[in-house]
2 protein chains.
Amino acid sequence: MKFKFRKLNLIFAIQIFEIMPKISQRAKHMPASPVRKLVPFALQAKQKGTKVYHLNIGQPDIETPQTALDAIKNIDLKVLEYALSEGNLDYRKALTTYYNTLGFEDITPDNFIVTNGGSEALNFAISTLCDDGDEVIIPEPYYANYNGFTSTFNVNVVAIPSSIDSGFALPPMEEFEKKITDKTKAIIICNPGNPTGYLYTKEELQQLADIALKHDIVVISDEVYREYVYDGKQQISMLSFPELSENCIIIDSESKRYSMCGVRIGCMITRSKKIHDAAMLFAQARLSPVLLGQIAAAAAHVNDEAYIRGVREEYTKRRNLLVDLLNEIPGVICPKPKGAFYCVAELPVDDTEEFAQWLLESYSNNGETIMVAPAGGFYSDPELGKKQVRIAYVLKSEDLKRSAEILRDALKVYNDR
Amino acid sequence: MKFKFRKLNLIFAIQIFEIMPKISQRAKHMPASPVRKLVPFALQAKQKGTKVYHLNIGQPDIETPQTALDAIKNIDLKVLEYALSEGNLDYRKALTTYYNTLGFEDITPDNFIVTNGGSEALNFAISTLCDDGDEVIIPEPYYANYNGFTSTFNVNVVAIPSSIDSGFALPPMEEFEKKITDKTKAIIICNPGNPTGYLYTKEELQQLADIALKHDIVVISDEVYREYVYDGKQQISMLSFPELSENCIIIDSESKRYSMCGVRIGCMITRSKKIHDAAMLFAQARLSPVLLGQIAAAAAHVNDEAYIRGVREEYTKRRNLLVDLLNEIPGVICPKPKGAFYCVAELPVDDTEEFAQWLLESYSNNGETIMVAPAGGFYSDPELGKKQVRIAYVLKSEDLKRSAEILRDALKVYNDR
């Protein structure tokens with residue numbers, strides 16, 4: 001079966017690309033999203049009438065804040081105009097207040113470029129710093145779309161493995177030192193981490209700050225899950241290191257914070273005027289970020305303490321439930337994440353990509369199945385994640401409970417075939 | 001003054017980039033948007049209390065259709081979720097109906113990728129077709145942001161001049177033949193044209209189709225102004241050439257059609273499954289186009305005939321008024337555009353970039369001035385457009401009338417200094 005699967009993949013690749021001279025090498029090297037490439041199998045399962053629990057994607061079922069929904073319902077505009085390329089001032093003021101409240105009192109509206117989701121902020125950061133053949137260092141496993149954004153610009157990811165055994169802690173600095181070359185332009189971290197849920201300590205971040213300064217490279221810190229850390233812990237932003245003023249870009253997004261992934265509002269923040277001004281050229285080329293999303297997001301920020309606290313409590317409950325249930329399944333190992341809403345679990349199967357496809361194509365339990373994200377796509381070398389999956393705990397508790405039950409049964413059926 | 005101006009530009013460039021090793025070559029080569037780079041001077045003028053008529057940007061003052069505004073006001077969603085990477089089916093069905101009605105009955109929802117504005121569609125088209133150092137041929141003057149999108153991917157624009165004397169008609173095919181090399185991946189046209197307002201004839205488009213097929217390159221046809229052509233004429237889409245099924249990408253957007261530039265909804269359309277599938281990899285990397293914009297745009301398409309007809313009549317009126325007034329000003333030459341809502345006018349000045357800046361910095365007429373887009377940025381060699389400006393006729397008639405009056409006076413004052 002394994003051979004057949006790989007062969008089919010190869011035929012698929014040839015069909016798409018090899019007989020077609022017009023497609024760029026850039027496109028040929030673009031990785032398919034590991035989260036989204038199983039979607040056709042999920043659609044087929046649904047067409048057969050199977051209910052699919054989506055553990056594969058970070059789309060929370062949490063409600064968007066009513067303040068944001070109301071702001072949209074009450075828009076009093078006759079023309080839905082372009083926003084400023086850098087984002088409208090009202091929204092950048094809302095962001096400024098938020099960052100000032102986080103303790104970064106020097107941050108002003110001029111530090112932000114509002115983007116179409118955190119995705120575009122990453123895109124701007126990479127294109128601003130990197131040329132073809134340049135390198136970015138990323139501890140792995142890492143958010144799979146970092147591969148997409150780097151591939152778009154022919155930038156190479158140099159990955160440094162972190163281990164499931166240490167809960168995916170930051171690898172030692174010696175490993176970074178070994179990999180830094182003239183071509184290294186940035187280190188990308190996600191804190192708290194997608195897919196690992198790992199929360200970097202102050203000491204780890206200080207090490208990163210030191211090494212970035214030593215080699216005059218930039219830390220790109222993706223902090224979109226900042227508000228969702230658990231057990232009374234607090235996320236430490238890379239903005240806490242003033243010595244990085246010229247060497248740091250923060251990636252932020254409202255998508256996860258306010259469960260409004262569809263409004264496509266994120267931002268990049270930097271204290272470096274030079275980086276900001278260069279990134280603005282890319283922002284101007286695409287004219288404008290979304291107007292309505294800025295209105296929704298600005299409203300969401302107003303008096304959001306209770307909302308954020310409630311969502312954090314809900315995720316804590318879901319995490320505790322899910323991780324305990326997963327670790328009770330024979331052969332499953334799942335470190336307890338400290339933040340975000342994902343965990344990486346090792347499963348007792350040879351290849352989670354085959355398993356994930358099988359779950360959708362060939363398995364159902366009382367008409368239900370689960371969709372998981374094979375973790376191979378979260379590693380530079382998919383082999384390293386071949387036994388792992390990323391599971392998002394964005395569904396309500398009873399759905400997570402039922403999903404764990406399905407996983408337990410499915411693993412048994414799969415391994416008994 | 002000229003010397004000083006250039007020198008200041010140079011110092012500015014050095015300040016941003018040269019002392020900063022961390023910025024990519026890609027960013028250093030990004031052109032500043034000619035439409036947006038005067039924005040700081042406009043802000044200063046406004047701060048001094050001067051009223052600025054914006055002739056510089058294609059932001060219509062036309063109202064967004066009430067159907068679209070109502071769809072937003074009446075959203076009945078609790079969670080503003082991710083859309084599908086290719087766009088939600090409801091909206092792609094609305095687009096399908098629209099394209100079927102245009103006469104392209106083979107078009108299905110699978111031919112579309114919904115994008116964050118036409119900008120992102122162009123971005124996907126170029127990244128799908130072109131690698132570093134590849135070339136795209138564009139008749140000039142052309143939409144300035146084509147420079148931005150190509151620079152982002154280190155793709156070179158090979159421009160073929162069209163002339164103000166022929167109203168910017170398609171240059172002869174011999175000129176294209178001379179420029180096509182192994183590196184040529186696409187020809188980009190904008191029809192009707194931004195900035196020229198030129199509407200390509202069936203014969204011109206057939207020539208483009210023939211040459212594209214002969215050399216197996218792709219025609220990227222930017223048709224976002226399709227609905228706004230005048231004098232009873234009709235735009236001919238590049239989709240009318242079925243022989244280009246593997247060699248054509250259409251760029252479309254709802255921004256101009258429905259005066260809702262801020263919703264950021266566009267799409268790319270191709271009959272080529274191979275191009276579509278490759279572009280989808282870039283679409284997946286950025287996860288999702290805007291949800292709310294798709295809802296607004298789908299609603300806008302419903303029974304839009306009266307709206308489109310009304311707007312077309314309004315633009316016809318504005319065009320007739322403005323072009324006549326411009327041609328009455330001594331030394332001004334302005335061909336009558338057949339579509340879109342821009343015209344390119346030649347002014348009796350040496351350098352329209354200096355003049356445009358002077359209009360904002362040093363001139364006012366009863367407390368009012370105008371902002372125009374210097375046409376240099378719409379040419380590969382800015383020298384070619386040095387005496388020209390692009391003027392958008394998106395303001396209501398009395399504002400256009402007053403703007404022409406201001407321009408007439410300003411040219412006199414400027415040339416009498």
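Predicted model: local features only at pLDDT ≥ 70, side-chain atom pairs only at ≥ 80, totals over all residues.
Chains B and A bury about 6,900 Å² between them, and each chain has its own α6–α10 crossing, at roughly 115° in chain A and about 115° in chain B. Elsewhere there are two cis peptide bonds to look at, one joining B:Glu140 and B:Pro141 and one joining B:Asn194 and B:Pro195.

Some ground rules: local features need pLDDT of at least 70, side-chain atom pairs count only at pLDDT 80 or more, and totals for chains, interfaces and linings use all residues. Residues are numbered from 1 along each chain as its sequence is written, chains are lettered from A and ligands numbered from 1 in the order in which they are written, and side-chain values use heavy atoms, with hydrogens and water left out.

**The interface**

- 82 residues of chain B are in contact with 81 residues of chain A, contact meaning heavy atoms within 4.5 Å.
- Of the roughly 6,900 Å² buried, 60% is on carbon and sulfur atoms; buried area is the accessible area (1.4 Å probe) that two parts lose on being put together, summed over both.
- On the chain B side, B:Lys22, B:Arg36 and B:Tyr82 give up the most area to chain A, together 12% of what that side buries.

**Helix α14 of chain B**

- Helix α14 of chain B covers residues 397-416; helices (H or I, at least four residues) and strands (E, at least two) are DSSP runs, numbered from the N terminus.
- Its 20 residues should span 28 Å at 1.5 Å a residue, and the end C-alpha atoms sit 29 Å apart, which agrees; the expected span is 1.5 Å times one less than the number of residues.
- The buried residues of α14(B) include B:Leu400, B:Ser403, B:Ala404, B:Leu407, B:Leu411 and B:Tyr414, where buried means under 20% relative accessible area, exposed over 50% and partly exposed in between (1.4 Å probe, protein chains only).
- Charged side chains turn up on that list too, among them B:Asp399 and B:Arg402.
- An α-helix has 3.6 residues a turn, so residues three or four places apart point the same way.
- The buried residues of α14(B) pack against β1 (51-54), α12 (305-328), α13 (352-361), β10 (368-371) and β12 (388-392) of chain B.

- In chain A, the axes of α6 (residues 117-129) and α10 (residues 273-285) come within 9 Å; axes are lines fitted to C-alpha atoms, for helices over the stretch in contact, and angles run from 0 to 180 degrees between N-to-C directions.
- That crossing of α6(A) and α10(A) is right-handed: a crossing is left-handed if the near helix is turned anticlockwise from the far one by less than a right angle, and right-handed if clockwise.
- A:Phe124, A:Ser127, A:Thr128 and A:Leu129 in α6(A) meet A:Ile275, A:Ala278, A:Ala279, A:Phe282 and A:Ala283 in α10(A).
- The contact divides into seven nonpolar residues, two polar and no charged, with Ala, Val, Leu, Ile, Met, Phe, Trp, Tyr, Cys and Pro counted as nonpolar, Asp, Glu, Lys and Arg as charged, and the others, Gly among them, as polar.
- Over in chain B, the axes of α6 and α10 are 9 Å apart, and the crossing is right-handed.

- The B:Glu140–B:Pro141 cis bond has an omega of about 5°, and B:Pro141 is in the loop between β3 (135-140) and α7 (145-152) of chain B.
- For B:Asn194–B:Pro195, omega is about 15°; B:Pro195 lies in the loop between β5 (184-190) and α9 (202-215) of chain B.
- B:Phe168 isn't a glycine, yet has a positive phi of about 75°; this residue is in the loop between β4 (156-161) and α8 (173-179) of chain B and is buried at 3% relative accessibility.
- A:Asp216 also isn't a glycine and has a positive phi of about 50°; its loop runs between α9 (202-215) and β6 (218-222) of chain A, and A:Asp216 is partly exposed at 34%.

- A:His29, in the loop between α2 (25-28) and α3 (39-47), is exposed, with a relative accessible area of 53%.
- A:Thr50 counts as buried at 13% relative accessibility and touches A:Ala45, A:Ser364, A:Gly367, A:Glu368 and A:Thr369, not counting residues up to four places away in sequence.
- A:Glu354, in helix α13 (residues 352-361), is buried at 8% relative accessibility.
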